[in-house]
Amino acid sequence: MKNTNCGYCMRGELLDKFGILICDLKVSSLILFKEQSKPGRCIVAYKDHVSEIVDIDEKERNAFMEDVAHAARAIHAAFHPDKLNYGAYGDTGCHLHMHLVPKYREGDEWGGTFQMNPDKTYLSDSQYQEMIDKIKAHL
């Protein structure tokens with residue numbers, strides 16, 4: 001099931017506002033978050049438009065968490081963060097997804113909760129592609 005107002009469902013222009021599709025995983029999509037104040041920040045979005053993790057059965061839930069872990073391993077290998085934070089939000093965009101946010105000790109938010117969209121760091125197309133290539137090399 002898809003929602004025509006959802007960037008995770010429809011991709012294209014709606015997704016382009018905040019992310020770049022890296023690839024499809026088993027039951028989800030891996031997306032590079034365009035705002036990169038935390039180098040390597042990504043989103044894992046479930047394949048269907050469901051709001052809550054309890055809206056999917058155990059098999060799908062386990063597969064989604066396997067996708068999250070698979071993406072996390074790739075981010076760790078590509079960017080060597082000191083810690084990876086996981087955020088599952090969606091009060092307004094009710095599509096099951098998880099933010100994977102690398103945290104670095106020298107970063108401005110070490111020891112605190114990451115800002116959802118600090119709107120500080122955007123990259124060139126070639127820099128985004130370099131990041132995507134680094135992540136894909138470890139998937």
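A charge is taken to sit over a ring if NZ of Lys or CZ of Arg is within 6 Å of the ring centre and within 35 degrees of the ring normal. By this criterion, the charged end of arginine 41 sits over the ring of phenylalanine 33, 4.1 Å from the ring centre. The structure is a predicted model, in which local features need pLDDT of at least 70 and side-chain atom pairs count only at pLDDT 80 or more, whereas totals for chains, interfaces and linings use all residues. Residues are numbered from 1 along each chain as its sequence is written, and side-chain values use heavy atoms, with hydrogens and water left out.

Phenylalanine 33 is found in strand 2, where helices (H or I, at least four residues) and strands (E, at least two) are DSSP runs numbered from the N terminus. At 7% relative accessibility, phenylalanine 33 counts as buried; buried means under 20% relative accessible area, exposed over 50%, and partly exposed in between, with a 1.4 Å probe and protein chains only. The C-alpha atoms of phenylalanine 33 and valine 68, which are 35 residues apart along the chain, are separated by 15 Å. Strand 2, which spans residues 28-33, also holds serine 28, a buried residue with a relative accessible area of 3%. The side chain of serine 28 makes a polar contact with the side chain of aspartate 67, at 2.6 Å; such a contact is a pair of N or O atoms within 3.5 Å, and within protein one must be able to donate a hydrogen and the other to accept it, while residues adjacent in sequence count only if both atoms are side-chain atoms.

Tyrosine 8 is buried, with a relative accessible area of 14%, whereas phenylalanine 18, at 22% relative accessibility, counts as partly exposed. In the pair of tyrosine 46 and phenylalanine 64, the ring centres lie 6.1 Å apart and the planes are at 85 degrees, so this pair is likewise edge-to-face. Distant parts of the chain are linked here too, with tyrosine 46 in strand 3 (residues 42-46) and phenylalanine 64 in helix 3 (residues 58-79), 18 residues apart. Both tyrosine 46 and phenylalanine 64 are buried.

Open space was examined on a 1 Å grid over the protein atoms alone, on which a cavity is a set of points where a 1.4 Å probe fits but cannot get out, and a pocket is an open set with protein on both sides within 12 Å along at least five of seven lines; lining residues have an atom within 4 Å of a point. About 360 Å³ of space lies in the largest pocket, where grid points are joined across faces, edges and corners, and the volume is the space filled by probe spheres set on the points. Of the 21 residues that line the largest pocket, the closest to its centre are Tyr8, Phe18, Thr92, Gly93 and His97. Helix 1 and strand 5 (97-103) each supply at least two residues of this lining. The lining divides into 9 nonpolar, 10 polar and 2 charged residues, where Ala, Val, Leu, Ile, Met, Phe, Trp, Tyr, Cys and Pro count as nonpolar, Asp, Glu, Lys and Arg as charged, and the others, Gly among them, as polar.

Histidine 80, in the loop between helix 3 and strand 4, has a positive phi of about 50 degrees although it is not a glycine, and at 60% relative accessibility histidine 80 counts as exposed. Aspartate 119, in the loop between strand 5 and helix 4 (125-136), has a positive phi of about 55 degrees although it is not a glycine, and aspartate 119 counts as exposed at 52% relative accessibility.

How values were computed
Phe/Tyr/Trp six-rings, centres within 6.5 Å; stacked < 30°, edge-to-face > 60°.
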